[in-house]
Amino acid sequence: METYEEMLAKVYEKLPEKKGEGERFEMPKFRSFIEGKTTVITNFKDVVSTLRRDPQHLLKFLNRELATPAHYDGRRAILQGRFKEEQLNARLTAYVKEYVLCKECRKPDTELIVFEGVKYKRCEACGARAPVKPL
Ligand SMILES: [Zn+2]
């Protein structure tokens, strides 16, 4: 007699490996620390390169959302004020939903394009195009 677990293991072995559909997007996370009256995001460059977005675009978003000046030194982002990592990551999640993930297929393979003065998020996976909020 096979146990339920053994049966299950066999079933899984037989399932073809799904490429694409099975892939789930992993939300990047900021790593940050507070230094005096500023907050430093140490992995800002890694996050923007994972998302394939312009650092200045994400910076502008944070600047607006947190209502504080922010600048980028080529690697890290430095924000005026003290912000908790969870606070920053909540904003990052909002950014990714609005400016990165495709509304149709939920994939992150999108690019921002400007068409007749309107900014769109265009999906390279399914071709969907949706306007995004101006920053
Ligand atoms: Zn799509």
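**Backbone, sheets and core**

Modeller: Helices here are DSSP runs of H or I with at least four residues, strands are runs of E with at least two, and both are numbered from the N terminus. Keep in mind that this is a predicted model: local features need pLDDT of at least 70, side-chain atom pairs count only at pLDDT 80 or more, and totals for chains, interfaces and linings use all residues. Residue numbers start from 1 along each chain as its sequence is written.

Colleague: Where is arginine 52 found, and why does it count as partly exposed?

Modeller: Arginine 52 sits in the loop between α2 and α3. It counts as partly exposed because it has 13 C-beta neighbours inside 10 Å. The scheme is: buried at 20 or more other C-beta atoms within 10 Å, exposed at 12 or fewer, partly exposed in between, with C-beta atoms placed from the backbone.

Colleague: What about glutamate 116, what's its phi? And is it buried or exposed?

Modeller: Phi of glutamate 116 is near 50°, again a positive value in a residue other than glycine. Glutamate 116 is in the loop between β5 (110–115) and β6 (118–123). With 5 other C-beta atoms within 10 Å, glutamate 116 is exposed.

Colleague: Zooming out, how many helices and strands does the chain have?

Modeller: Four helices and seven strands. From the N terminus on, the order is α-β-β-α-α-β-β-α-β-β-β. Buried residues are 16% of the 135 in the chain.

Colleague: Back to α2. Which of its residues are buried?

Modeller: The buried ones in α2 are Phe44, Val47 and Leu51. Looking down the axis of α2, they fall within an arc of 65°, so they line one face of the helix. That arc is taken over the directions from the helix axis to the C-beta atoms.

Colleague: What do they pack against?

Modeller: The buried residues of α2 pack against β2 (38–41), α3, β3, β4 and α4. Contact here means C-beta atoms, placed from the backbone, within 7 Å.

Colleague: Sheets next. In what order do the four strands of the open sheet come?

Modeller: They go β1-β2-β4-β3, with antiparallel pairing. Pairing takes at least two DSSP bridges between two strands. The edges are β1 (32–35) and β3 (70–72), each pairing on one side only. The twist averages 20° from one strand to the next. Axes are lines fitted to C-alpha atoms, for helices over the stretch in contact, and angles run from 0 to 180 degrees between N-to-C directions.

Colleague: What packs on that sheet?

Modeller: α3 does, touching β3 and β4, and its direction makes about 165° with that of β3. As for those two strands, three bridges join β3 to β4 (residues 77–80) in the antiparallel sense, and alanine 70 stands opposite leucine 79 in β4.

Colleague: And the hairpin of β1 and β2: which glycine there takes a positive phi?

Modeller: Glycine 36, near 60°, in a hairpin with two residues between the strands. β1 and β2 pair antiparallel over four bridges, and glutamate 35 has threonine 38 in β2 as its bridge partner.

Colleague: What about the three-strand sheet, what's its order?

Modeller: That open sheet runs β5-β6-β7, antiparallel too. Its edge strands are β5 and β7 (129–131). β6 and β7 are joined by three bridges, and arginine 122 has arginine 129 in β7 as its bridge partner.

Colleague: Now the core. How many residues has the largest nonpolar core?

Modeller: It has 15, and those with the most contacts inside it are Phe30, Ile41, Leu59, Leu62, Ala70 and Ala77. A nonpolar core is a set of buried Ala, Val, Leu, Ile, Met, Phe, Trp, Tyr and Cys residues joined through C-beta atoms within 7 Å. The elements giving two or more residues to this core are α2 (44–51), α3, β4 and α4 (85–99); α3 gives the most, with four.

Colleague: Which residues is leucine 62 in contact with, leaving aside neighbours within four places in sequence?

Modeller: Ala70, Leu79 and Arg91. Arginine 91 also comes up with glutamate 65: they are 26 residues apart in sequence and 7.4 Å apart in space, C-alpha to C-alpha. Glutamate 65 belongs to α3 (residues 55–65), and with 17 C-beta neighbours inside 10 Å it counts as partly exposed.

Conventions:
Contact = placed C-beta atoms within 7 Å.
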